[in-house]
Amino acid sequence: MIYLLPLMLERVGLLLIFGFLLSRMRSFRQMIHQQHSLKEKTQLIAVFGAFGILSNYTGIEIQNDLISTEVWQTTVDADGALANTRVLGVVLGGLLGGPLVGTGVGLIAGLHRFTLGGFTAVACGISTIFAGIVTGFLSARLRKKGSITVSRAVLIGIVMECIQMGIILAVAKPYEAALELVQLISIPMITMNGFGTLLFVLMIQSILQEEERTRALQTNKALYIADQTLPFFRQGLNARSSKEAAEIILRHTHADAIAITNKHQVLTHVGAGLDHHVPLQSLSTQLTRDVIERGKTIKARSAEEIQCFHPNCPLQAAIVLPLKVHQETVGTLKLYFTDTNRMDKVEQELAEGLGKLFSTQLEMGEAELQSKLLKDAEIKALQAQVHPHFLFNAINTISSLCRTDPEKARELLQRLGVFFRSNLQGARQTLIPLYKEIEHVEAYLTLEKARFPDKYTVAFDMDPTLEEVLLPPFTLQPLVENAIRHAFPNRKGHVSIRAYRELGDMVLITEDNGIGLPADLLDSLGKNAVKSAVGTGTALHNIRMRMKEIYGEDGAFRIESECGAGTKVILKVPIDYKKWDENHAESFYR
């Protein structure tokens, strides 16, 4: 018995080597990880069936208490028996694959053991088939309750080996020889098969954990790349954003070159082959056109499949992925490799994950674009509401001066032209420089002073370094208009307009010394239109709305007033505000 232990350990070692080599094969790892289809189950039956056959051939023949030292057993004498690790492979197959695999492996290993002969051939054949069926059904039952633990797997292996000893005692004849055999082989076989089961289960568990770690790392890598490229893909498919995104992808993948296209041309190409894969040329390969037409990923595993006809092109393999927005293919992402072996399964899965993430980013970019266009449309509608009444008043004033003071009428017509030219420019733009808004205010004041020459005075105090700072059009003029129309009903008044810097903001203040506003009206003024005998507050409401839509939390609009002490309107806009590129809409997919 003691002499048999190291021999059994040696056989377990041979099978462990065989198992280790299998575990390095990608196909076997995929089988272990995905065993749900009939194809995977058939493959598992073949692998562990071969495992059982190998165990039979490497068994240790025992005859009349004599232990054979031959390594390979092709036949067993009529009065002989085999001590081997056959049940180990059957138990593993059943645990991994369930009833179908366990039964299949048990039949292969059991029938093969029967063909080798010996007085325990029938008993061993029956016990092997029994072990496969029972282990398979136990596996299915345990999976429903949870996972199969290492300790349970080892216990099942030991129990199956014990059952085999019992079947040998019950079936093998003569009984005395069977009893003597069991006394000799039971402890070594139970011990070594239990130990082998432990090692194999740990090995398979390691394979599964490695797959999970690989997936986790791959997911983390894909999300990191997506996070880095997000600012660029949200700008749409254009040459500049695509080049920035492609350089990031190249740095963080094993690809040797990255290309991004839209439906019609190559937007960028970075990495190997740049000398002849030139950006902004029309699509030259059928491979890319096929991906755009089908909307599915295509892999090229040779230079011929890539279809680059340059004689010295280093690119030998490629993954071409569709970039989609709302299920429509708007372009492609291409990962090129100079060595076909570098385009492994991990890189392919990473590329496919990136393709989906980038498509989502493009959809987000389009949604943001539509939102900004909608806001621009709302702003234009608000701007168009501000000055329609002014035209009629100006025309009436100029008409009355045509006979009495033609030169003054001519000057006022010129100022009216300046005023409405500013209106037209403001209707086409979201932001204008401060000096343009001041021109608009001055044109308005010239026309109003012709109507009310002695009603008010206006003073400007403007920081000249702020002339180019951008602000919404029709911002100051309505404030000045409100002051001269409503603040001085019975006396001459004064309006001051100031602009100065405060940290990173420009502060604009329009202040009058008029009658002021009551507290109840002040609370709602500017937040919505109000009912009043002297006005509706629409202009102030429009200004507040435009400030909110354009600057969000970075801008400020505040009204301060007190009855009898005048009114002050304070605007604050960021000096370094970057205007939304209105041409972006046209270039989103260019």
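User: In this predicted model, which residue forms a salt bridge with Glu502?

Analyst: The model is a predicted one. Side chains of opposite charge can pair when their charged atoms come close. For Glu502, the closest N and O atoms of the pair are 3.0 Å apart, and a salt bridge requires a separation within 4 Å. The partner of Glu502 is Lys572.

User: How many residues apart in sequence are the parts that Glu502 and Lys572 tie together?

Analyst: The salt bridge is formed by Glu502 and Lys572. Glu502 lies in strand β12 and Lys572 in strand β15 (residues 566-574), so the parts tied together are apart in sequence by 70 residues.

User: Which strand holds Arg498, the salt-bridge partner of Glu511?

Analyst: The side chains of Arg498 and Glu511 meet in a salt bridge of 3.5 Å, N to O. Glu511 lies in strand β13 (residues 505-512), and the pair ties together parts 13 residues apart in sequence. The strand that holds Arg498 is β12 (residues 493-502).

User: In which helix is Glu352, the residue that pairs with Lys299?

Analyst: Lys299 and Glu352 form a salt bridge whose closest N and O atoms are 3.5 Å apart. The pair links distant parts of the chain, 53 residues apart, with Lys299 in strand β6. Glu352 is in helix α11 (residues 345-384).

User: What is the relative accessibility of Glu352?

Analyst: Lys299 is partly exposed, with a relative accessible area of 28%. Glu352 also counts as partly exposed, because its relative accessibility is 30%.

User: Which helix gives the largest share of the positive patch?

Analyst: Arg141, Lys144, Lys145 and Arg152 gather on the surface in a patch of positive charge. Arg141 is exposed, with a relative accessible area of 54%, and is found in helix α5. The largest share, three residues, comes from helix α5 (residues 121-145).

User: What is the accessible area of the nonpolar patch that includes Leu14?

Analyst: Leu14 lies in helix α1 (residues 4-23) and counts as partly exposed at 40% relative accessibility. The patch is formed by Leu14, Ile17, Phe20 and Leu21. Together these residues have an accessible area of about 400 Å².

User: Which residue just after α9 takes a positive phi?

Analyst: Helix α9 (residues 286-294) has buried residues Leu287, Thr288, Asp290, Val291 and Ile292. These pack against several elements, including β4 (257-262), α10 (303-306) and β8 (328-337). Just after α9, a positive phi of about 70° is taken by Gly295.

User: Is Phe474 buried or exposed?

Analyst: Most residues other than glycine have a negative phi. Phe474 is not a glycine, yet has a positive phi of about 60°; this residue is found in the loop between β11 (470-471) and α15 (476-486). Since its relative accessible area is 3%, Phe474 is buried.

User: In which loop is Gln307 found?

Analyst: Gln307 has a positive phi near 70° and is a residue other than glycine. At 26% relative accessibility, Gln307 counts as partly exposed. The loop that holds Gln307 is the one between α10 and β7.

User: What is the omega of the cis peptide bond that joins Lys173 and Pro174?

Analyst: Most peptide bonds are trans. The bond joining Lys173 and Pro174 is cis, and Pro174 is found in the loop between α6 (150-171) and α7 (175-233). Omega of this bond is about -5°.

User: What distance separates the C-alpha atoms of Leu522 and Glu560?

Analyst: Leu522 lies in helix α16 (residues 519-524) and is in contact with residues that include Ile559 and Ser561. Leu522 and Glu560 are 38 residues apart along the chain. Their C-alpha atoms are separated by 7.9 Å.

User: What percentage of the residues of the protein chain count as buried?

Analyst: The secondary structure of the chain comes to 18 helices and 15 strands. Among contacts between residues at least 6 apart in sequence, 69% join residues at least 24 apart. Of the 590 residues of the protein chain, the share that counts as buried is 48%.

Key
Residues are numbered from 1 along each chain as its sequence is written. This is a predicted model: local features need pLDDT of at least 70, side-chain atom pairs count only at pLDDT 80 or more; totals for chains, interfaces and linings use all residues. Side-chain values use heavy atoms; hydrogens and water are left out. Patches are made of residues with over 30% relative accessible area and no salt bridge: like charges are joined within 9 Å, nonpolar side chains (Val, Leu, Ile, Met, Phe, Trp, Tyr) within 5 Å. Accessible areas come from the Shrake-Rupley method with a 1.4 Å probe; for residues, only the protein chains shown count as cover. Lys and Arg count as positive and Asp and Glu as negative; His and the chain ends are not counted. The place of a charge is taken as NZ of Lys, CZ of Arg, CG of Asp or CD of Glu. Helices (H or I, at least four residues) and strands (E, at least two) are DSSP runs, numbered from the N terminus. Buried means under 20% relative accessible area, exposed over 50%, partly exposed in between (1.4 Å probe, protein chains only). Contact means heavy atoms within 4.5 Å. Lists of a residue's contacts leave out its neighbours within four places in sequence.
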